[in-house]
Amino acid sequence: MQTPDPQLTALVDRYRHLVEHGATVVVEQGREIHLGDIEARTVVFRRDDGIHQVDRFDRGHQWFEMEARDLAEVELLIADRFSSSVHRHPDAWRFDCVQRANGRVEVRQDGRLRATFSNLHGARAFSGFAALTPAELWATPPQAGRAMWVPPVDDGTRALLDRLRDVRDLAVDEDRCQVHLDEHRMGACLTRVGGVWHVWEGNDYSVPGPPTLMTTAADVVEHHLRLRFAGDPAPGEPVGELVRDGVVVARGAGVTTGLLHALGDGVGRV
């Protein structure tokens, strides 16, 4: 009879005292380790090819969720899942989510494959905590909004809004810690996390699609929004990244030849 991989067993044992409470238990079934209750579980195991896989189990049905070669990625997923139910802000600045032809989505960091998920929802959620450590995930987040973890709107963003008042008076949503960009599109908003501004145009609050623009520079997001409110959020051809003095300061579809022209400095890089 098959038994779970010893390294995987050791990993689960380290967190057993944090996972097991009430009806939530850890159970070994052949090579699989099930974490959860009688109806809903997270299932982890090491395949014959050496890849670690995570499945979801719900009311008798089991399906693929995630796979990774490095066991540390599975550890992060377990830590996030059993520490809290907070939705963390997708970190599109550090991580790229690339969809394969079969529909699965890879999470890559500087080109290196971290993990592969069954869909974009799971990949975006993973990107929100993949830069953290398990210890940080077990700690209580400093600010939990209704939708996702986002710090309160800071002074830098409020100063940006003041400069934009000549073209648009934008409302700050203090509960969601974001700025609404369009009263007719619920998901169009501006957030700032870890010093990076994100301009979103999607409608899914829980796990948005890729942001239109990510930037660490206030003048870049200001010029982008001015172009957006002028009627065309992406004039010219997309160039992918904006580089100043050898440092990438902006990424996304919103980095275009029109934005470069408006800024008057920096170079585009595909």
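Accessible areas here come from the Shrake-Rupley method with a 1.4 Å probe, and for residues only the protein chains shown count as cover. By that method, the accessible surface of the protein chain comes to about 13300 Å². Carbon and sulfur atoms hold 50% of this surface.

The structure is a predicted model: local features need pLDDT of at least 70, side-chain atom pairs count only at pLDDT 80 or more, and totals for chains, interfaces and linings use all residues. Residues are numbered from 1 along each chain as its sequence is written, and side-chain values use heavy atoms, with hydrogens and water left out.

Start with the whole chain. It has 270 residues, and 48% of them count as buried. Buried means under 20% relative accessible area, exposed means over 50%, and partly exposed lies in between (1.4 Å probe, protein chains only). The chain holds seven helices and 16 strands. These are DSSP runs, numbered from the N terminus: helices (H or I) have at least four residues, strands (E) at least two. Contact means heavy atoms within 4.5 Å. Take the contacts between residues at least 6 apart in sequence: 46% of them join residues at least 24 apart.

Now look inside. A nonpolar core is a set of buried Ala, Val, Leu, Ile, Met, Phe, Trp, Tyr and Cys residues joined through side-chain atoms within 4.5 Å. The largest such core has 30 residues. Leu35, Val44, Met66 and Phe126 have the most contacts inside it. Several elements give two or more residues to this core, among them helix H1 (6-19), strand E2 (32-36), strand E5 (61-68) and helix H3 (120-127). Helix H2 gives the most, with seven residues.

Which residues does leucine 35 touch, leaving aside its neighbours within four places in sequence? Its contacts are Val12, Val19, Val25, Val26, Arg41, Thr42, Val44, Ile78 and Phe82.

A second, separate core has 24 residues, including Val179, Ala188, Leu190 and Trp197. Follow alanine 188. It lies in the loop between strand E10 (178-180) and strand E11 (189-193). Alanine 188 counts as buried because its relative accessibility is 0%. Beyond its neighbours within four places in sequence, alanine 188 is in contact with residues including Val179, Leu181, Trp200 and Arg228. Valine 199 is eleven residues from alanine 188 along the chain, and their C-alpha atoms are separated by 7.5 Å.

Charged side chains come next. A salt bridge is a side-chain nitrogen of Lys or Arg within 4 Å of a carboxyl oxygen of Asp or Glu. The structure holds 27 of them.

One joins aspartate 58 and arginine 59, with the closest N and O atoms 3.0 Å apart. Aspartate 58 is partly exposed, at 27% relative accessibility. Arginine 59 is exposed, at 59%.

Another joins arginine 251 and aspartate 96, with the closest N and O atoms 2.6 Å apart. This pair links distant parts of the chain: arginine 251 is in strand E15 (residues 247-251), aspartate 96 is in strand E6, and they are 155 residues apart. Arginine 251 counts as buried, at 15% relative accessibility. Aspartate 96 is partly exposed, at 30%.

Arginine 244 and aspartate 219 also meet in a salt bridge (2.7 Å, N to O). Arginine 244 sits in strand E14 (residues 241-244) and aspartate 219 in helix H6 (residues 218-229), 25 residues apart. Arginine 244 is buried, at 17% relative accessible area, while aspartate 219 is partly exposed, at 29%.

Some salt bridges share partners. They join Arg47, Asp49, Glu67, Arg100, Arg104, Glu106 and Arg108 into one network.
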